[in-house]
Amino acid sequence: TWTLPAVLIAVGCGDAPATPAVTRSGPDPWAAALRVATAVDRNPDPRVVEIDLEARFGEWEYAPGRRVRAMTYNGSVPGPTIEARAGDTVVVHFTNRLDQPTTIHWHGVRVPAAMDGSPHSQPPVAPGASFEYRFTVPDAGTFWYHPHVAESVQMERGLYGAIVVRGDREPRADVEGVLVLDDLLLGADGQIAPTGDLVEQHNGREGTVPLVNGRAGAELPIRAGQRQRWRIVNAGSARFYRLALPGHRFTVVGTDGGPVETPRASDELLLVPGDRLDVLVDGTGAPGSTPVLQVLPYARGHGAGLTEAVDLLRLRYAADPALPALDPPAAGARIEPLATDGVTPRTVTFDEHIDRDAERVVFTINDRSYPDVPDIVTRVGATEVWDLVNASEMEHPFHLHGFFFQVVSRNGLPEGQRSWEDTIQLRGEERVRIAFRPDARPGHWMYHCHILEHVEHGMMATLRVEP
């Protein structure tokens, strides 16, 4: 049975002298329903994080008294949060106790190709077998891990977890925590519904039970004037999370690849599947109030997406008087634009059709379906410019393994703010130009749509980086 263990909390670190936690923070706001297990580091070396991770069957209590049969990492959903500092070595002793092969993909972490856990890079770990993942985490930011085998089954049943890598300069906040977003689709028996029909293959699965950190109906305590740092991960199969918190603004301080150059305030956030955002939330509500974080309606093509707002998480303000407001966060790291002069763009086109004879949806990249899509071949150090063309009406979240990229333009218009990304939104019939430079890690790297059903029905291909 899943219980609610430890949580990630960081207090008052970063770009200004910290106010002592006891005076600003009070009790741990993540101490109840939003707790997530923290991976236990069994290596005394302060620069090595060594953990045991086991995929196994278990029960997932997503609400009091409501349980489903699940696949878990170390018995919990989400799996334990892995914490490290940039430059640390991470060693994961992984054992597969499932009845089917699996792997672990370290989404967003720039690992060696042999550690990527994806097709062409690692044979699946057989039931009862073990594998040692060993890599350095070079970048500060929020990442996550999940299987890259039978994703629509294994991830839907609970195999995912967060990774937090801290740097030398972190934005100041009173408290910090991870919010892993997902949803459940239950059958008539109250268990996770089996793989769906042609419509689900086409649209991707969107559940009816919204979850934060594996829990439905959770509350997050906050105090007026308090600044909370939310590291948000979209682990859903196909849900696009358009988030709003009435009476509050979000300050985005980080995206997939770590800190942004200039923190930006926003009334809404949009996270496509696989995406992450690192945001600050200042407690601007009144003592005793209970605002609700909502998922707003979002149409993503072909009738898919929410048509009405859904409550995701309730904030509960303490009755205590407001704390003094903190100063705005300082600027992040400088992000130099990649020089792309003289580079001939490659066109990578995403499309779809229905094979009615086979009663299945076929998703394609450059008119071919995985594994029959020809590799894109480049070399270490070469600048790559890709024009990602969505030829369909439906939106697709594009994800590149192994490397961060910069968005140069959308439909010919320059991108407003530079950032490092590994997962972005491709709107229907949109052209997005990206640029990246493979570093000294040759190998086979996947790129694909991160709607799980689309991956399994062909919308994936390989970037081959040669020495």
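Is glutamate 61 buried or exposed, and what is its relative accessible area? Glutamate 61 is buried, with a relative accessible area of 15%, where buried denotes under 20% relative accessible area, exposed over 50%, and partly exposed the range in between (1.4 Å probe, protein chains only).

## Basis of the model

The structure is a predicted model, in which local features need pLDDT of at least 70 and side-chain atom pairs count only at pLDDT 80 or more, whereas totals for chains, interfaces and linings use all residues. Residues are numbered from 1 along each chain as its sequence is written, and side-chain values use heavy atoms, with hydrogens and water left out.

## Glutamate 61

Glutamate 61 is found in strand β1 (residues 48–63). Helices (H or I, at least four residues) and strands (E, at least two) are DSSP runs, numbered from the N terminus. The side chain of glutamate 61 is joined to that of arginine 67 by a polar contact of 3.4 Å. A polar contact is a pair of N or O atoms within 3.5 Å; within protein, one must be able to donate a hydrogen and the other to accept it, and residues adjacent in sequence count only if both atoms are side-chain atoms.

## Nonpolar cores

The largest nonpolar core holds 32 residues, of which Trp386, Leu388, Phe398, Ile434, Tyr447 and Leu463 touch the most other members. At least two residues of this core come from each of β20 (346–355), β21 (360–365), β23 (384–390), β24 (396–400), β27 (423–426), β28 (431–436), β29 (443–449) and β30 (460–466). A second, separate core of 29 residues includes Trp30, Ile222, Trp230 and Leu312. Such a core is a set of buried Ala, Val, Leu, Ile, Met, Phe, Trp, Tyr and Cys residues joined through side-chain atoms within 4.5 Å.

Leucine 463 has contacts (heavy atoms within 4.5 Å) that include Ile376, Trp386, Leu400, Phe403, Phe436 and Tyr447, not counting residues up to four places away in sequence.

## Aromatic pairs

The structure holds 15 aromatic pairs. Rings of Phe, Tyr and Trp (its six-membered ring) pair if their centres lie within 6.5 Å; planes under 30 degrees apart count as stacked, over 60 as edge-to-face and the rest as tilted. Tryptophan 386 and tyrosine 447 form an edge-to-face pair, because their ring centres are 5.0 Å apart and their planes stand at 65°. This pair links distant parts of the chain, with tryptophan 386 in strand β23 and tyrosine 447 in strand β29, 61 residues apart. Tryptophan 386 is buried at 0% relative accessibility, and tyrosine 447 is buried with a relative accessible area of 0%.

Phenylalanine 403 and phenylalanine 436 form a stacked pair, 6.4 Å centre to centre with 20° between the planes. Phenylalanine 403 lies in the loop between β24 and β25 and phenylalanine 436 in strand β28, so the pair ties together parts 33 residues apart in sequence. Both phenylalanine 403 and phenylalanine 436 are buried. Ring pairs link Phe350, Trp386, Phe398, Phe403, Phe405, Phe436, Trp445 and Tyr447 into a cluster.

Strand β25 (residues 406–410) is mostly covered, with 4 of its 5 residues buried. β25 pairs with β28 in the antiparallel sense over 4 bridges, and 2 bridges join β25 to the antiparallel strand β26 (residues 413–414). Strands count as paired if DSSP finds at least two bridges between them. Serine 409 stands opposite arginine 433 in β28 and opposite proline 414 in β26. The hairpin of β25 and β26 has 2 residues between the strands, and asparagine 411 in the turn has a positive phi of about 50°.

Threonine 383 lies in the loop between β22 (376–379) and β23, and is buried with a relative accessible area of 18%. Its side chain makes a polar contact of 3.0 Å with the side chain of arginine 437.

## Salt bridges

The count comes to 40 salt bridges, each being a side-chain nitrogen of Lys or Arg within 4 Å of a carboxyl oxygen of Asp or Glu. Aspartate 387 forms one with arginine 433, the closest N and O atoms being 2.7 Å apart. Aspartate 387 lies in strand β23 and arginine 433 in strand β28, so the pair ties together parts that are 46 residues apart in sequence. Aspartate 387 is buried, with a relative accessible area of 6%, whereas arginine 433 is partly exposed at 31% relative accessibility.
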